[in-house]
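Subject: Structure for you to look at

Dear colleague,

I am passing on the structure that we talked about, and below it you will find my notes on what was found. Please read them with the structure open beside you.

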Amino acid sequence: MKDRIDILAIGDVVTDAFIELLPAEAEINEDKARHPLLCMTYGSKIPFKDAIIINGVGNAANAAVATAALGLNTAYMADIGDDRVGEDILQALHKHGVSTEFINSHAGYKSNYHYVLWYGADRTILIKHENYSYKWPEIRDYQKPSWIYLSSIGESGGVIHTQLVKYLEDNPDTKLSFQPGTFQIREGTKKLQELYSKTTIFTANKEEFQQILESESTDEKTLITKMHQLGPETVLLTDGPKGAFASDGNQVVFMPPYPDPKPPLDRTGAGDSYASTFTAAIADGLSLAEALSWAGINSMSVVQKIGAQAGLLSKKEITDWLKKAPSSYVAKVI
Amino acid sequence: MSQVFGVVGSASVDIYAISRFFSPQKNQNQIVLDHGSQLWLDDSVQEPSGAGLLSAMVFARQGLETHLVTKTGVDVFSEIIDHVAQKESISINSSHQSNKHHTDTTIHLASDGQDQTNLHFTGSFSSLSKADCRELPAVLEWLHIATLPADKSVLLDLLKIAKASHAKVSINPRFVDSISAKLLMKTLKQCSLVVISIDEARILTGEHLEIEDLAQSLNLAGIDHIAVYDPNAGAVAIENGKIYTTDQTKQSHQHDNTGAEVVFAAGYSCEYAKNSDVTLALTFGIAQAQSVQMVAGARSAILQKPALEPISVDEDFLTEDIV
């Protein structure tokens, strides 16, 4: 990439195989907390309708594609194997206008491949990641990113966290947006203390906030305040179909969801599009309320299509949706 | 000119996804997954499979020129299949890739030491057309049908192609309840050799008979050369009115029956195609089947030509009777 990078996304990239289960072959029950459970007959042979392959996805990859679609100069740092899956991933990212200059291909390794059991609008993702030896790339001065977007990275990705903290110390004008993945959430706040302290925007859903903060509080303001205390300047808490809360430390703003034009087809990537669009809008100089309004529209669009990227919108498309937004789609300071 | 052996059947990829979450819930016969969540697997392995590919490998590993007619998608799994076929010196019909479907796939949701819950997709081979079958070599020694085509007219067309090239036909009918019994019996009678599992034979005849009685029942129904295979016991064959029986060898440690029926059928057909000797065909078929039963995943255990040479047959392992 010859110009300065607006956003450098960091995190694992995968290929998703969407396994479309037939309605009659499984059922959804609920646990005591009314959480959906996918139930299938044990030991049986269950036909599925089709498999749809989507290359170059994952939390950070989805964020990279989202910010590229919004017109930001986006590069992506990730690791792949030297196989056909890896080639397809690179091709998919190129197609979306994401620079793959910082993607490492590991000889003799496989690329990460997920099986997504798709039933109704929800999915259960079967994950197995390769244990790559992660390495921080050489970023030239003229490329220095305005923002780094960090998300889900494998169990052995600790070295990236250490190197990233060092990079942010050496380059204080580069800002960090952090949307933690499974292992980063499990690491807790003590181990990643320096990372949290250097975070400009932090995003997670409500359950993840509770897990990270080891808190049983259901009060969004309490969770947001606790997160600010760890360092992030701006905190975004998403709560699924209920809406989202954003705070800059001075005020907390609530945004309801943008009404779905049709019932959601697939919720994959809804959180990624929300978090990355919010970051892109803040990077563009918008207010919390404006950033939330962008994020809700992109997230609404994503769940109307299969996979995390097909529904991502351009800046113009978002503003078009904003113009026809219902009067209820307005941010409120709480 | 060397003899060419044709195989028609599915080529797929088996995915073994291993996790404790795939055990049944206590007092239930269901696996229950937290829907909407991410589930980290203990292990995940992709293995090329499918009755057509495995059968073609049985022929090819005997040094025979083998041509596989199959149908896959245009995806990574198809590329894995192509790679294996190339490595095994199997040629595949050039029209096998179609972007209408994903390649046939089975996802085995497994937890250690437990049965599996299998999610499977077969839409790719189901789209096999007459045009695909026309890619069989014009000069054909033997045609082995390892998977029944979904389109019955394709099945009938295969028999015509074989007849035109004076090729003999062996068939391993599975999922026999997916086709009318009348049409299937009519087709089987036109084949030189029918190799069928005990379970499929029971469905086809509609009778819960023992293996030898099933073979005799199908023989009496007009199938001149029939072999019935039981993965837990052995096999019975009837040819020219003679009954041949085998038992499984005693030292066999059965680990996984996946693919055993398919490689028995291909092994039996392959050896019979070469030597027209039922005794050798049974020996070879059972050896192939037992080999794949001893490991998880069939492909690696299919025997190469030299591997069969040390196998000796116990006197009481094989018997030959006259009906």
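Between the two chains, 32 residues of chain A are in contact with 32 residues of chain B, where contact means that the C-beta atoms of two residues, placed from the backbone, lie within 7 Å. Strand 4 (36-41), strand 5 (45-57), helix 2 (84-95), strand 8 (113-119) and strand 9 (122-127) of chain A each supply at least two residues of the side that touches chain B, and strand 5 of chain A gives the most, with 7 residues. By residue type, that side of chain A divides into 19 nonpolar, 6 polar and 7 charged; here Ala, Val, Leu, Ile, Met, Phe, Trp, Tyr, Cys and Pro count as nonpolar, Asp, Glu, Lys and Arg as charged, and the others, Gly among them, as polar.

Before going further, please note that this is a predicted model, in which local features need pLDDT of at least 70 and side-chain atom pairs count only at pLDDT 80 or more, while totals for chains, interfaces and linings use all residues. Residues are numbered from 1 along each chain as its sequence is written, and chains are lettered from A and ligands numbered from 1 in the order in which they are written. Helices (H or I, at least four residues) and strands (E, at least two) are DSSP runs, numbered from the N terminus.

The two chains also share strand pairing, which is assigned if DSSP finds at least two bridges between two strands: strand 9 of chain A and strand 4 (residues 38-40) of chain B pair in the parallel sense over 3 bridges, and Ile127(A) stands opposite Trp40(B) in that strand of chain B.

Within chain A, 10 strands form an open sheet of mixed pairing, in the order 7-6-1-10-11-12-13-14-15-16. Its edge strands are strand 7 (99-106) and strand 16 (332-333) of chain A, each of which pairs on one side only. Strand 6 (residues 74-81) of chain A pairs with strand 7 of chain A in the parallel sense over 6 bridges, and Ala75(A) has Ser99(A) in strand 7 of chain A as its bridge partner. Strand 10 (residues 147-150) and strand 11 of chain A are likewise paired in the parallel sense, over 4 bridges, with Phe178(A) in strand 11 of chain A as the bridge partner of Leu150(A). In strand 11 (residues 175-178) of chain A, Lys175(A) and Ser177(A) point one way and Leu176(A) and Phe178(A) the other way, and all are buried, a term that requires 20 or more other C-beta atoms, placed from the backbone, within 10 Å of a residue's own.

As for helix packing, the axes of helix 8 (residues 270-283) and helix 9 (residues 288-302) of chain A come within 8 Å and cross at roughly 150°, the axes being lines fitted to C-alpha atoms over the stretch in contact and the angles running from 0 to 180 degrees between N-to-C directions. These two helices of chain A are therefore roughly antiparallel to each other, the term for angles over 145 degrees. The residues of their contact divide into 10 nonpolar, 4 polar and 1 charged.

Finally, chain B has 9 helices and 16 strands, and 48% of its 323 residues count as buried.

With best wishes

How values were computed. A residue is buried if 20 or more other C-beta atoms lie within 10 Å of its own, exposed if 12 or fewer, and partly exposed in between; C-beta atoms are placed from the backbone. Angles under 35 degrees count as roughly parallel, over 145 as roughly antiparallel, 65 to 115 as roughly perpendicular and the rest as oblique.
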